[in-house]
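Biologist: I'm about to open a new model. Please walk me through it in plain words.

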Amino acid sequence: MTKAKQIAIYGKGGIGKSTTTSNLSAALSDLGYSVMQVGCDPKNDSTTTLRKGKTIPTVLDTIRNKTGKLDNIVYEGYNGIHCVEAGGPEPGVGCAGRGIIAAIELLDSNGIIDDYDPDIIIYDVLGDVVCGGFAMPIRKGVAQQVYTVTSSDYMAIYAANNLFKGILKYSNKGGALLGGVIGNSIKNSTQEAMITDFTQQTDSEVISFVPRSPTVTRCELDGVTTIEGAPDSAQADVYRELAERVIKNENKLKPRPFYGDDLSEWASVWINKLLLNEKVERDNIQADGSGI
Amino acid sequence: MAENYEKIRDEIFNLDQTIDPKIDSQEEHSVEAPRYGCALAGVYGTVLGLKNAVPILHSGAGCGVGNLFGTLYAGGESCGVNEGGTATPCSCLVEEHVILGGEEKLDNLIDSTIKLFNSNFYVVISGCVPSLIGDDVDSVVENYQSEHPIIHVNAPGFKAHSLEGYNLFWDAVIESDLLEQQPVEKGTINILGVVPYNHVFWKGDLYELKKLFASIGVKANVIFADGDGLQNIRDIPKAEYNIVLNPWVGVRAAERLHEKFGTPFITFPGIPVGAKQTSSLLYRVAEKLSLDPDTVNTFITQKEEWFYRFAEYPGDALILARPNQYFAVVADSAYAISYTKFLTNEIGYLPDIVQITDNPPVEVRQKIIDEINNSLESTIKPDIVFEADTYKIRNNLNNRPFAFLLSSSLEQPTALEEWGACHVSASFPIYGSSVLVNHYGGYYGGLTLLEDVVTTFVGPL
């Protein structure tokens, strides 16, 4: 097995995992590291912004097409980043979880990772840790560190909390531990405070906040990462800083997730603060009700 | 080595923990060599019991081959005939189908099965893999239903054991369009609760029951091992009564048939063995169907005279050589009840321990205990244990007075050495003998059991 730094990035669907991951890969690559990004999502769209918006054949396509050839699995992306997509079944069919397991086993047992010998491997894993298959990258021998991308949206934090439960499950069996939380789509300080409080409550840690930015959306529409499409933007600097922190980060945290109704009780206080905050912004009134 | 093994096993399986047989379902614990298979095994055996029915396994390849050994050979060394064993169509699912779904492969398999077998009834049986990954098997099967009688039974192995598999088969049949309301035919009954292969003597027992009922003017649809399977199934709604010969297996089917077609049903605790039980069943059915009592009485009197005359022939062996012996029974609930009653009430032997191996639902267990205790014409009542684990079953037989053991062929080789008991292979699994027409049901079958019991200790020269 490779000696590369291997990290897995989880988070609720649509929260910006792939965007963050691709920008992180691009930034790491710019720093001179050899990077492999493995998309672990049946939608196989993790690496598209590294490849000018184009999708690539997936590991599981080799199973689907019965060719058994794994020669054309790794595709070169921005700045020589090695792009791999695990792939999976059509929506509503088969078992995507088993797909992730099979794809990672195929990559590993065929020496594909060793052949490319990257410095860093990043697994971009979909949504919730719904079953054993999606926990595969956390298990012993795959990633060493897990990051979760979350916004201040309750359901995103809920998914992060579930991930913590998954990490805890494997934590005594040599599985990956938590590297940190990446706060995404941040618009104001209350959102930052909410995510920070969540990490404090759960013995975890924020590694970085990524502000919401139209630059990201524009670059995505152009099929490129912010690092590639808007290298001089402030947002690109944010991703570069994230990359520096990830490289230096040696965190191996054992999170203490919320159980039962504790999470919703904790969140309701923060949701009220956020709503009030929005109202203040929208109606231009002060918290005590007086106008400006 | 042996001592060490037992110690390790006790630790692994927490044998020191007391398990209450009335409330504990054995499936919550590890079970060594259980006397049943999985849900798929039960449905598979049941379908193979129907002549011309073709099972189509939607599962891994091992499910079919495993059940050739675990269900068919275990059911009196049968091969499952034309559609059984290695001839059974199977989608042989592998990792590709786990990930990408197995519907397309099943579709091709059904198509080719219909072309190759050219039969009149097909049953797709889904095992663990399609159930876990959520294959929409119903929609695949539906595409063929306008042209062919074909149904789907969802029977993932993990869902239940094989006797419950029989129930799952009936759930699917009753929900399907195969059964249609039709005028009730007076004097007809269906026999439910006899599970092909798991009730090892099913073929002979059903043959015997059909003849017995015919003698009192009742047309019994025994469904399995008799005539065309599909036609038998289609005839089910015609019956005046459904007769369940089991304390729990087949009861749900009878209830659902009652709901759907209004067919009333009675349950009898097992396949009747010997004169007393058989006469009792015939009287009950005759009463329910309002048959002419004189005809029924005449037949029963004649059969009982014949039975007791013949039962006297081994009298010296029973009364001089082995009088009033203790016996032990290890069998599923239906066989266990019938054997225990027969040996106690007809031969005058003493029930020592009855171990019930089919893990019946917790709510029927007290009824099974009562059925045995209340029907024994003996002051000696047996210990009744619900146990599916072969290791524990054998332990439970240690240090007991019984001289006869009716159980599976698993105990046969060592019964004399370990427990000093004469052994009769009388319950699932029976690997040690070929069972075609041999049976212990009815008057004739009761005498056969008597023969087999006596044969264990007479001779050899």
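Biologist: In which sense do strand E6 (residues 241–245) of chain B and E7(B) pair, and over how many bridges?
Modeller: They pair in the parallel sense, over four bridges. Two strands count as paired if DSSP finds at least two bridges between them. Strands (E, at least two residues) and helices (H or I, at least four) are DSSP runs, numbered from the N terminus.

Biologist: Before we go on, what kind of model is this?
Modeller: It is a predicted model: local features need pLDDT of at least 70, side-chain atom pairs count only at pLDDT 80 or more, and totals for chains, interfaces and linings use all residues. Residues are numbered from 1 along each chain as its sequence is written, while chains are lettered from A and ligands numbered from 1 in the order in which they are written.

Biologist: Back to that pair. Which residue is the bridge partner of B:Ile243 in E7(B)?
Modeller: B:Ile266.

Biologist: What is the strand order of the sheet they sit in?
Modeller: The order is E5-E4-E6-E7 of chain B, in an open sheet of four strands with parallel pairing.

Biologist: Which strands stand at the edges?
Modeller: Strand E5 (219–221) and strand E7 (265–268) of chain B. Each has a single partner strand, so one side of each is left without a neighbour in the sheet. On average, neighbouring strands here are turned by 25 degrees against each other, direction ignored.

Biologist: What does H12(B) lie across?
Modeller: H12(B) lies across strand E4 (188–192), E6 and E7 of chain B, running at about 170 degrees to E7(B). Axes are lines fitted to C-alpha atoms, for helices over the stretch in contact, and angles run from 0 to 180 degrees between N-to-C directions.

Biologist: And at what angle do helix H12 (residues 274–288) and helix H13 (residues 293–311) of chain B cross?
Modeller: At roughly 175 degrees, with axes that come within 10 Å. That makes H12(B) roughly antiparallel to H13(B). The cut-offs: angles under 35 degrees are roughly parallel, over 145 roughly antiparallel, 65 to 115 roughly perpendicular, and the rest oblique.

Biologist: Which residues make that contact?
Modeller: From H12(B), they include B:Leu282 and B:Tyr283; from H13(B), they include B:Ile300 and B:Phe307. In contact means that C-beta atoms, placed from the backbone, lie within 7 Å. By class, this contact has eight nonpolar, one polar and one charged residues. Ala, Val, Leu, Ile, Met, Phe, Trp, Tyr, Cys and Pro count as nonpolar, Asp, Glu, Lys and Arg as charged, and the others, Gly among them, as polar.

Biologist: New topic. Why is strand E3 (residues 150–154) of chain B largely enclosed?
Modeller: Five of its five residues are buried, so E3(B) is largely enclosed by the rest of the structure. A residue is buried if 20 or more other C-beta atoms, placed from the backbone, lie within 10 Å of its own, exposed if 12 or fewer, and partly exposed in between.

Biologist: Which residues are on each side of E3(B)?
Modeller: B:Ile150, B:His152 and B:Asn154 are on one side, and B:Ile151 and B:Val153 on the other. In a regular strand the side chains alternate between the two faces of the sheet.

Biologist: How many bridges join strand E2 (residues 121–126) of chain B to E3(B)?
Modeller: Five, and the two strands run parallel. B:Ser126 stands opposite B:Asn154.

Biologist: What about strand E10 (residues 383–386) of chain B: which residues are on its covered face?
Modeller: B:Ile384 and B:Phe386. B:Asp383 and B:Val385 are on the uncovered one. Four bridges join E10(B) to strand E9 (residues 350–356) of chain B, in parallel. One partner pair is B:Val354 and B:Ile384.

Biologist: Is B:Asn398 buried or exposed?
Modeller: It counts as exposed, with 8 C-beta neighbours inside 10 Å. B:Asn398 is in the loop between helix H17 (390–397) and strand E11 (404–407) of chain B.

Biologist: Last one. How many residues of chain A are in contact with chain B?
Modeller: Eleven, against eight residues of chain B. Helix H2 (59–64) and helix H3 (96–109) of chain A each give two or more residues to that side. The residues on the chain A side divide into six nonpolar, three polar and two charged.

Conventions:
Contact = placed C-beta atoms within 7 Å.
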